[in-house]
Amino acid sequence: MDPTVIMTILEKGSDEQVLMLKELHNAQLSKRNDEMFIGIANHLAGTAHLSSFVELYTQLALAVPEATPATSEAVSISPEEAPEETFEDEDEDVPDEEVIEPQAIEVEDMNVILRTRHTTAVKDGGAIKDHRQDPDWKNAALQYANRLESRMNARIEMRELHNMKDIVSTVMQSTDNTASAVLTAYSVLMQKLNNDERVKYFGSLEKYSNCLQVLNQAQKAVKNILDLKRDEQKISEREKPILENWDWPRLENKVKEYLDQSPAPDSIENVEQFRFVRRLCLLRLNVLDHPPRRLEYFLLKRVPGGEEDNYYEGNTITLNDYKTSSTMGQYSFEISDETRILLDKMYDYWERTRNFSENMYIFGLENQVCSDSFCTKVLQATFYAACKEKISCIILRQLMVDHLAKTGAIRYTTDRKEKARQMTHSPKMQQTVYLKRDVVPPPTPKKRKIPLATEPKKAKNRARKTYCSEEQQEELKRLINNYEATETFKQKKTIPWTQLRNESEILKDVKPGTLEAWGRRIRKNRQA
């Protein structure tokens, strides 16, 4: 199956063809080889042979046409057999760019380029954010540098930017999410190069443009793979019993029942009581007080130590440090009095038992709450205690989005955007990832319209090439010679082709663009 067929179907195909392509993808993933699989493949591409779907996209990403010089044979023609000289629309030749031997980029130079040039302001008021781990870096530049540095140190050929096809081919062998992250890092690096560096690392600006085109097509291919996988996402074996047996109202009732039966102690005296109060607080934050978010509650402090901290003040939680904060900005919401009391008890416990300052984390030690694996385990243990199910933040959001869809709460675009903002994801993620789809719906056959009477097809009107007659050629040569002798031409070095056309009765019916092409060819042949 030609990979270009896949892209054509995705971009320009009918709904039926797109659905059949998705079904073909499902059949390939499940290693099916029955009559339906072969029939769909024959229908879409005229062949039953199909390699891996990801490999096809890899081939597509690398299938960038390169300019090949036109070849022609020199044939001797006698003066009697020589045809009359004709002139067609052609652009002037562009001189070839000088090409030098490209060099591999050094890791140190790559780091300097990203650290000093990737300082684009983000959307939250136009301010440039310092990176959390290192104030010398801005935004996500440090992540890009780390991704590239690990690969450039492991394999020297990953530094040869002029061999972008080989780099893309190597990167595409990783998982889809990893490939997307690495390709993005390469794209940012290439865009931050100045013209001198582009010539240094690619040999010429034209070669740089070709490599950037390869990279862009690879990114587009990976995006299409991820979109298809998200759109056709299947329920995993671990998620099936939870998502099939639980819904949001049942989960909410179970949490309320657990909270009613488990009162918090008046004060926290030991680690076991701290963990119990933390469990009660997480249940309230993720189920009762607000739609479920990610793991940013673990980074809460009593008062902020900086502008990028998460903290609570009274009954208000303010979040500055979360996954999508660079695009969504600061987020605040109100919590219940019961939740605020639990937070105060945890803070009092740390203040009494440790040398604790107000801008330290209250859900655990710094080396704990900054670890996603630790936070995930704590959250799963929390819901296992209340519901006897290891429920993660992803499953929480799937249950919530499914509940919102069933109740019509995200029926309209404004509602979908607001709920997506509350849960820190985009409306697209809401509809393709968290709103689960078990199977791809079967294609709906389109009704074929049967004409009442057969009408002959109309012939297409195709523009024919206009050739220059001998009389027009002589007239145009005369006008060009006369104008080139004027002072105006000596100063501007340009010829007003429309003016020459209007001055001649022989050429007044010729289109201006055609006349200009004839004139350029005459001048070019005369110079040769």
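1. The expected span is taken as 1.5 Å times one less than the number of residues, and helices (H or I, at least four residues) and strands (E, at least two) are DSSP runs numbered from the N terminus.

2. On provenance: this is a predicted model, in which local features need pLDDT of at least 70 and side-chain atom pairs count only at pLDDT 80 or more, whereas totals for chains, interfaces and linings use all residues. Residues are numbered from 1 along each chain as its sequence is written, and side-chain values use heavy atoms, with hydrogens and water left out.

3. The buried residues of H17 are Cys375, Val378, Leu379, Gln380, Thr382, Phe383, Ala386 and Cys387, where buried means under 20% relative accessible area, exposed over 50% and partly exposed in between (1.4 Å probe, protein chains only). These buried residues pack against helix H12 (248–261), H13, helix H16 (366–369) and helix H18 (393–407), a contact being heavy atoms within 4.5 Å.

4. Just after H17, Lys388 takes a positive phi of about 60°, in a residue other than glycine. Lys388 is found in the loop between H17 and H18, and with a relative accessible area of 58% Lys388 is exposed. Thr424, too, has a phi near 60°, a positive value in a residue other than glycine; Thr424 sits in the loop between helix H19 (413–422) and helix H20 (427–434), but at 1% relative accessibility Thr424 counts as buried.

5. Helix H15 (residues 337–353) has 17 residues and reaches 25 Å from its first C-alpha to its last, close to the 24 Å expected at 1.5 Å a residue. The buried residues of H15 are Thr339, Leu342, Leu343, Lys345, Met346, Tyr347, Tyr349 and Trp350, and they pack against helix H13 (271–288), strand S1 (300–301) and strand S2 (310–313).

6. How do H7 and H8 pack? Helix H7 (residues 164–171) and helix H8 (residues 176–191) meet at an angle of about 155°, with their axes 9 Å apart; the axes are lines fitted to C-alpha atoms over the stretch in contact, and angles run from 0 to 180 degrees between N-to-C directions. H7 and H8 are therefore roughly antiparallel to each other, a label given to angles over 145 degrees. Met164, Ile167, Val168 and Val171 of H7 make the contact with Ala179, Val182, Leu183, Tyr186 and Met190 of H8, and these residues divide into nine nonpolar, no polar and no charged.

7. Within H8, Ala179 counts as buried at 2% relative accessibility. Not counting residues up to four places away in sequence, Ala179 touches Val171, Met172, Ser174 and Val222. Ala179 and Lys223, 44 residues apart in sequence, are 10.0 Å apart in space, C-alpha to C-alpha.

Technical notes
Angles under 35 degrees count as roughly parallel, over 145 as roughly antiparallel, 65 to 115 as roughly perpendicular and the rest as oblique. Ala, Val, Leu, Ile, Met, Phe, Trp, Tyr, Cys and Pro count as nonpolar, Asp, Glu, Lys and Arg as charged, and the others, Gly among them, as polar.
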